2 protein chains.
Amino acid sequence: MTTRFAFTVEFDGRPFMGWQRQAHGPTVQQSIEEAIHAVTGETAVLHCAGRTDAGVHGLAMRAHADIEKTIAPFRLMEALNARLRPAPIAIIACEEAPEGWHARFSCIRRSYVYRIVNRRAPLTFEKGLAWQIPQVLDHEAMARAAALLVGKHDFTTFRSTQCQSDSPVKTLDRLEVIRKGERIDVHAQARSFLHHQVRSMVGCLALVGMGTWDVKDMAEALKAADRSRLGLNAPPDGLYFVRAEYPGEG
Amino acid sequence: MTTRFAFTVEFDGRPFMGWQRQAHGPTVQQSIEEAIHAVTGETAVLHCAGRTDAGVHGLAMRAHADIEKTIAPFRLMEALNARLRPAPIAIIACEEAPEGWHARFSCIRRSYVYRIVNRRAPLTFEKGLAWQIPQVLDHEAMARAAALLVGKHDFTTFRSTQCQSDSPVKTLDRLEVIRKGERIDVHAQARSFLHHQVRSMVGCLALVGMGTWDVKDMAEALKAADRSRLGLNAPPDGLYFVRAEYPGEG
């Protein structure tokens with residue numbers, strides 16, 4: 001008899017080669033699986049709502065693992081956090097998952113935010129945690145270009161060549177550009193995303209903000225459905241997995 | 001002929017032994033003075049609105065230096081930022097100071113914020129940038145205790161034994177406790193503060209939040225004007241110098 005535990009995970013992606021286990025460097029999945037092994041003696045596999053690339057961060061990634069040991073969720077969370085130190089990974093919530101619940105396959109909506117700091121001065125606190133762009137960005141033009149991408153489209157232009165998704169057609173529910181002083185946040189929501197989709201969309205939005213592209217160039221890049229038309233892929237630094245939604249959750 | 005340049009400085013205090021030059025480790029003052037020397041060939045002395053301790057951060061510290069070289073403020077700022085890399089220090093504004101202006105002596109109000117993260121999970125992004133307190137804090141009791149400290153008092157209880165101020169009597173204009181979810185920010189404003197005053201006040205507020213002290217204990221600690229009555233000095237991690245105000249500035 002195993003219990004499926006659902007975890008909410010916060011992590012600073014800077015020191016990691018991404019979420020998924022890799023032969024050549026530390027990952028978030030490996031760190032948590034090793035902590036589970038240390039606590040339970042079991043070799044559990046951790047599944048997550050959306051695997052992140054090297055250098056990408058998580059504010060509330062959802063994940064699950066099946067564990068045989070009888071342990072209360074709160075005690076498991078505390079024990080994992082103690083084992084995870086000093087890695088910048090924290091289990092911020094843990095509960096028994098509902099029957100049949102799967103962190104990846106049950107997820108009906110994913111939210112990301114991409115953080116841009118639009119200033120000439122170099123980053124201090126946020127080095128590796130945001131994309132610093134020195135040229136003054138026209139965030140209103142960026143917002144107009146973002147609006148073009150919302151809806152159901154073939155997003156081939158904004159898709160990594162390594163993407164394993166069956167189809168390049170996705171429905172983007174939200175792509176919003178919000179400026180507060182020197183900060184520009186791009187909020188993205190969809191049932192699911194292609195590999196590199198958010199970073200590719202943000203890279204092209206930045207080109208629009210700089211005036212290198214106009215809004216029409218964005219429309220044409222989307223319509224072309226051709227990866228070679230991608231203007232710019234934004235660096236991983238500014239990307240955060242924010243939220244995964246499941247049926248029946250508030 | 002020298003020009004007095006006024007700087008606004010953002011710095012992550014984690015790698016530094018504080019603001020002021022030290023024999024035994026890197027400081028913010030030393031880093032900027034070395035950058036000025038690299039750019040101008042001059043040995044200028046940097047004065048600031050409020051020297052910070054090791055591990056304390058700055059969002060907008062004000063400082064000045066007198067420089068002989070003829071250089072536009074924008075070019076000086078860019079050159080200093082280029083030299084400061086990769087130290088987490090950024091000059092975020094630079095201008096010629098008005099006649100007689102002094103970063104320290106002309107300053108009429110200083111603002112600090114102290115950031116507490118009130119949760120059991122360890123910090124990830126904010127390690128060294130906030131004080132994590134696992135026990136649930138009663139922020140309303142903290143707010144009541146904070147209100148007692150506002151006004152003109154002898155703050156001897158909340159003063160480091162190394163404090164060089166002539167008098168322990170200070171007028172505290174604001175001490176406000178604001179909770180947003182797991183975050184509790186304590187905002188402090190005064191014309192000037194004693195050494196360790198904000199950290200000592202926050203340490204005692206945390207005791208009130210934990211229920212170790214009640215509001216009356218805070219009143220008695222203040223009234224005692226006795227350093228041995230200090231309950232707890234908060235760690236430097238959560239302290240940020242936020243703002244310095246000068247006559248005639250917006």
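Do the interface residues show the copies meeting through the same surface or through different surfaces?

Guide: This is a predicted model, in which local features need pLDDT of at least 70 and side-chain atom pairs pLDDT 80 or more, while totals for chains, interfaces and linings use all residues. Residues are numbered from 1 along each chain, chains are lettered from A and ligands numbered from 1 as written, and side-chain values use heavy atoms, without hydrogens or water.

The copies meet through the same surface, because 96% of the interface residues of chain B are also interface residues in chain A; contact means heavy atoms within 4.5 Å.

The unreviewed UniProt entry places an "active site" at Asp53(A). Asp53(A) belongs to the loop between strand 2 (47–48) and strand 3 (57–67) of chain A, strands being DSSP runs of E with at least two residues, and helices runs of H or I with at least four. With a relative accessible area of 24%, Asp53(A) is partly exposed (buried is under 20%, exposed over 50%, with a 1.4 Å probe). Apart from neighbours within four places in sequence, Asp53(A) is in contact with Gly18(A), His195(A), His196(A) and Arg199(A).

The unreviewed UniProt entry also places a "binding site" at Tyr112(A). Tyr112(A) lies in strand 5 (residues 109–117) of chain A and is buried, with a relative accessible area of 11%. Not counting residues up to four places away in sequence, the residues that Tyr112(A) touches include Val186(A), His187(A), Phe193(A) and Val198(A), and among them are also Leu239(A), Tyr240(A), Phe241(A) and Val242(A).

Lastly, consider a pair of helices. Helix 3 (residues 139–149) of chain A packs against helix 4 (residues 197–210) of chain A at an angle of about 140 degrees, and their axes are 8 Å apart (angles run from 0 to 180 degrees between N-to-C directions). On the side of helix 3 of chain A, the meeting residues are Ala141(A), Met142(A), Ala145(A), Ala146(A) and Leu149(A). Helix 4 of chain A meets them with Met201(A), Leu205(A), Ala206(A), Val208(A) and Gly209(A).

Definitions and conventions
UniProt positions renumbered as here; feature names shortened; annotations may be inferred.
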